[in-house]
Amino acid sequence: MEEAAFMEEALALARIGMGYTSPNPSVGCVIVKDGEIVGKGYHHRAGTPHAEVWALKEAGARAKGATVYVTLEPCAHYGRTPPCARALVKAGVAKVVCAMLDPNPLVAGKGAAILRNAGIPVIVGLLSKEAIKVNEVFIKNMLTQKPFIAVKLAQSLDGSTATRTGKSKWITNEWARKRGYYLRSLYDAILVGIKTVEADNPLLTSRTTREGHTAPRQPARVILDSAGRTELNSLLVTDKQAKTIVVTTAHCPAPKRQALEEAGVTVLLTPLDKTDRVDLQVMLTMLYDMGIHSILIEGGSTVQGAFFDDNLVDKIYAFIGDKVIGGADAKPSVGGLGADELSESMELIYDTAEIHDNNIFIEAYNKNREGAYVHWNH
């Protein structure tokens, strides 16, 4: 196997932990001796041993003189676990290849420095683009102290989410729905507006049990509800598989806020924005402070539009069905005010495009998003 293949193996291990490790990064590690993998590991969840520790444990004495492939620079600080860089020095490894440096200011090259000072060569940058994608949430968190925001669009080829009479089931196919459940498991929270709750009474759960795990990871459910219209018998209130957060304003009567809290819902009160609704910027700060560091927006046209209008979107997952709905009164997938000039439109960087069962799946990024990390090679 070539070096890139060993790093691919480490990246595959890192992806197993994606979402589960929040607020920590997802990291995979492979230890290679004489061309053979002798130890593997990945970070399972926050507070548990890091990837390098698991890999060193499996490798045992064979780690001495071995090459370590790790998707993120080994940590240098004492947190809930001791520093991995020192564990690698103690094990006597011969070389460390890491895909990228850690954007965490507590690490940021210090792990590599510990290794180099011990006489261990450190190579940085192998498959860095793939490693950055695995930890795009963590990177934005470290660089901006703000949550990573992704939007899921499910639409016809001409950009509609429903006909003029409101019919929307099903524009996309079964593959798209299953992929959507998987995407939910990657994020700390799923966000919708009150109209979606009233129209669909959704559960917003992940139904995907991923490799290496025994049950689906359930994100928190966040409802934008400026006036407190969430019914106490709605599934998002009565279902206890995951936390539900209602974000509201002074338009919500105090007795309703109390009733929601007594039903086990967390209620956040934000100021009113210029449209007399929840102030999204304030809400995102409150959610981040609660430990919600990534959000998948699954709201309707109005909610999607609000996030685009405020330039809060980092990533887009677009599912495009095999239909053209047409009609000036059909519901667009992104509402809101929109751009006056093309020059004001959000520019995108397309990352992947795939066809599955005659539906198209596209991943794209806001070209000018905050917290994009490209300076990895030091």
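**Close-up views of aromatic contacts and a pocket**

**View 1. Y317 and F361 are both buried in this predicted model.** The two rings form a stacked pair, because their centres are 6.3 Å apart and their planes meet at 5°. Y317 belongs to strand β13, whereas F361 belongs to strand β16 (residues 359-366), so the pair ties together parts that are 44 residues apart in sequence.

**View 2. Y187 and Y317 form an edge-to-face aromatic pair.** Their ring centres are separated by 6.3 Å, with 85° between the planes. Distant parts of the chain are linked here: Y187 lies in the loop between α7 (174-184) and β8 (189-193), Y317 lies in strand β13 (residues 315-320), and the two are 130 residues apart. Y187 and Y317 are both buried.

**View 3. A cluster of rings joins W175, Y187, Y317, F319 and F361.** These residues are connected through ring pairs. In the model the count of aromatic pairs comes to six.

**View 4. R177 places its charged end over the ring of W170.** The distance from that charged end to the ring centre is 4.1 Å.

**View 5. The second largest pocket holds about 930 Å³ of space.** Its lining consists of 41 residues, and those nearest the centre of the pocket are K133, V134, E136, K315 and Y365. Two or more lining residues come from each of α5 (128-134), α6 (136-144), α7, β13, β15 (348-356) and β16. By residue type, the lining of this pocket comprises 18 nonpolar, ten polar and 13 charged residues.

Methods: Residues numbered from 1 in each chain as written. Predicted model: local features only at pLDDT ≥ 70, side-chain atom pairs only at ≥ 80, totals over all residues. Heavy atoms only, no water. Phe/Tyr/Trp six-rings, centres within 6.5 Å; stacked < 30°, edge-to-face > 60°. Helix = DSSP H or I, 4+ residues; strand = E, 2+ residues; numbered from the N terminus. Buried < 20%, exposed > 50% of the residue type's maximum accessible area, 1.4 Å probe, protein only. Lys NZ or Arg CZ within 6 Å of the ring centre and 35° of its normal. 1 Å grid on protein atoms, 1.4 Å probe; cavity = no way out; pocket = protein on both sides within 12 Å on 5 of 7 lines; lining within 4 Å. Points joined across faces, edges and corners; volume = space filled by probe spheres on them. Nonpolar A, V, L, I, M, F, W, Y, C, P; charged D, E, K, R; others polar.
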